[in-house]
Amino acid sequence: MNFAVIDWVIVIAYLAGSLVIGILAKKFVGNLSHFLVAGRELGLHVGIATLAATEIGTITFMYFAELGYKAGFAAFCTAMISGIVMIIVGRTGFIVSRFRELKLMTVPEYFEVKYSQGLRIVTGILVAVGGILNMGVFLKIEGQFLTIVSGIDSKYLVAVMTAILILELVYTVLGGMVSVVITDFLQYVLLSVATILVTIYAVNTAGWENITNKVTSVMGAGGWSPLENPRFGWTFLVWQVLLWFAMSSCWQTTAMRMFSTNSPTTAKRVMTWTGVIFLGRGMLPMLWGICALVILGTGPVGSDGSPTPMLNGQPIEPIEAMPAMISQLLGPGVRGIVVAGMLAATMSVNSSYLLGWSSVLSQDVILPIRSKMGKGDLSSKAQILINRVANVGVSLFVMFWGLYYPLAGSTYLYLTITGTIFLSGAFVSVVGGLYWARANVTGGYAAMLAGAAGAIIPFFFLGWDANITGFCAFGLAAAGLVLGSLLGKPSPPALSRATP
Amino acid sequence: MRAWEIFWTIWLVISTAAFALITVVVTVKGFGDVRRMLRGISAGGSDEKP
């Protein structure tokens, strides 16, 4: 164990504090709107904190560090694209402003407003499947970080991650978005402090000149230019731009923050300032990965072209290099703060994602199917109960899938492809629905199904490169929307406004 | 390659400084937002602000 007493005190105090605060927030949940979108009372600063915390997890640090280790500074292009696209979306209000005006609670809900209840259900299923598969690998990666940095024996990994998941589940199930927002705020502060501390320690230890020299000697021009790096290139860059426009506007967990703000203007400002944070969200952990390359990248060159990281004379996986480096750098107290910060990052993401995907399952699949079967409306209390049950169900799946699915290749690419399953079709359908009068139900169905097929078949069955798959999915979704809409019958909006 | 080195170094400095500064501002002002949010939920009033 690498932990001193002070480290345990810090971590346990943080975990206990989070649980207590999260449970206390339950008393503010009076109706479904409170549970799913915090009564639409989110202000600018807590909005920024919760959006940033939701999309900055230990998984984020791990996969970006892995990308930095393998691709050097060229990987920074992904961080720049994410930040700049979010700033553009925030400044223009592209999609997010209109979504907030409609008082939605989930992204698929829009599909019933514009298209039909049936398309809402199909979209809900794809969103839930893609989102839950996406989340499915979080636990394992997060557990790897924790065991390496704290020195806990890996045989306790399952128990530790299960305990953390249960802790998040308790306050998410009880307090919904109110609990999640308040704990996100505190978690954002802690993870930001941890991020800055790790950056200082890592760069100070590795040395800036060593960092630049190592990247050049290992990767040449490909370590600096995303156009010359074989992992990236123009197809990757264009796909990432499309993906980030889609994620900023149609990723359920991000969109839920927009839906929770106190006005469309606040939604835009939250998106803009969080976009600025996203520059650092990507670049800083990538820098840690590059530092790990300097400090630990001394082994033979692996099949992916990067030197095998070595720890105490033993080879480790590139994804383990960053946490291994941190375990060597930090002293007592600081290690506790960093681990607490990483736990904060883990919990903020997991709680938000649990709420996000379970809300889609309950609001966009279970309840609409009930409605189609002719059953009457449920009370707010009953709907909250269904949300809570869905939350538990998603947790159980995540626990088993996460710990047993054999993830091959880059984590970042697995995550972006599983997201693309529904994002490609959803983004295209939303853009068409908001900005093209001709978009209709037939086009919407074609877009969703073509986008999903375009992501699943090439990547999982044909073994195509992720860049080409991503491109293909968006292209097919767009073609589906246009052709389907032109061939199908015009359809008036199914609802004039969303359910209040 | 030198041009890329300068480019990424500048962006790294900008992103790090912005990350730290926004954290400070959000931390200080966020507590007020949480209080207002809870007050608004408790009041159960209109959720639309101008």
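# Exercises on a two-chain predicted model

The axes of helix 4 (residues 58-71) and helix 15 (residues 318-329) of chain A come within 8 Å of each other and cross at roughly 105 degrees. This is a predicted model, in which local features need pLDDT of at least 70 and side-chain atom pairs count only at pLDDT 80 or more, while totals for chains, interfaces and linings use all residues. Residues are numbered from 1 along each chain as its sequence is written, and chains are lettered from A and ligands numbered from 1 in the order in which they are written.

**Exercise 1.** Classify the crossing of helix 4 and helix 15 of chain A, and describe the residues of their contact.

Step 1. Axes are lines fitted to C-alpha atoms, for helices over the stretch in contact, and angles run from 0 to 180 degrees between N-to-C directions. Angles under 35 degrees count as roughly parallel, over 145 as roughly antiparallel, 65 to 115 as roughly perpendicular and the rest as oblique. Helix 4 of chain A is therefore roughly perpendicular to helix 15 of chain A.

Step 2. Helix 4 of chain A contributes Met62(A), Ala65(A), Glu66(A), Tyr69(A) and Lys70(A), and helix 15 of chain A contributes Pro318(A), Ile319(A), Ala321(A) and Met322(A), where contact requires C-beta atoms, placed from the backbone, within 7 Å.

Step 3. By class, these residues are seven nonpolar, no polar and two charged (Ala, Val, Leu, Ile, Met, Phe, Trp, Tyr, Cys and Pro count as nonpolar, Asp, Glu, Lys and Arg as charged, and the others, Gly among them, as polar).

**Exercise 2.** Determine the span of helix 15 of chain A and how far the helix is enclosed.

Step 1. Helices (H or I, at least four residues) are DSSP runs, as are strands (E, at least two), numbered from the N terminus. Helix 15 of chain A has twelve residues and reaches 18 Å from first to last C-alpha, close to the 16 Å expected at 1.5 Å a residue, the expected span being 1.5 Å times one less than the number of residues.

Step 2. A residue is buried if 20 or more other C-beta atoms lie within 10 Å of its own, exposed if 12 or fewer, and partly exposed in between. Ten of the twelve residues of helix 15 of chain A are buried, so the helix is largely enclosed by the rest of the structure; among them are Glu320(A), Met325(A) and Leu329(A).

**Exercise 3.** Describe how helix 5 and helix 14 of chain A pack.

Step 1. Their axes are 7 Å apart at an angle of about 175 degrees, and the two helices are therefore roughly antiparallel.

Step 2. Their contact has twelve nonpolar, eight polar and four charged residues.

**Exercise 4.** Characterise the side of chain A that touches chain B.

Step 1. In total, 38 residues of chain A are in contact with 29 residues of chain B. Helix 3 (44-54), helix 5 (76-92), helix 10 (157-206) and helix 14 (264-296) of chain A each supply at least two residues of this side, and helix 14 gives the most, with eight.

Step 2. This side of chain A has 24 nonpolar, twelve polar and two charged residues.

Step 3. The secondary structure of chain B comes to one helix and zero strands, and buried residues make up 28% of its 50 residues.

**Exercise 5.** Locate Ser225(A) and state its surroundings.

Step 1. Ser225(A) lies in the loop between helix 11 (208-219) and helix 12 (233-250) of chain A.

Step 2. Ser225(A) counts as buried, because it has 20 C-beta neighbours inside 10 Å.

Step 3. Not counting residues up to four places away in sequence, Ser225(A) touches Ala74(A) and Trp4(B).

How values were computed: Two residues are in contact if their C-beta atoms, placed from the backbone, lie within 7 Å.
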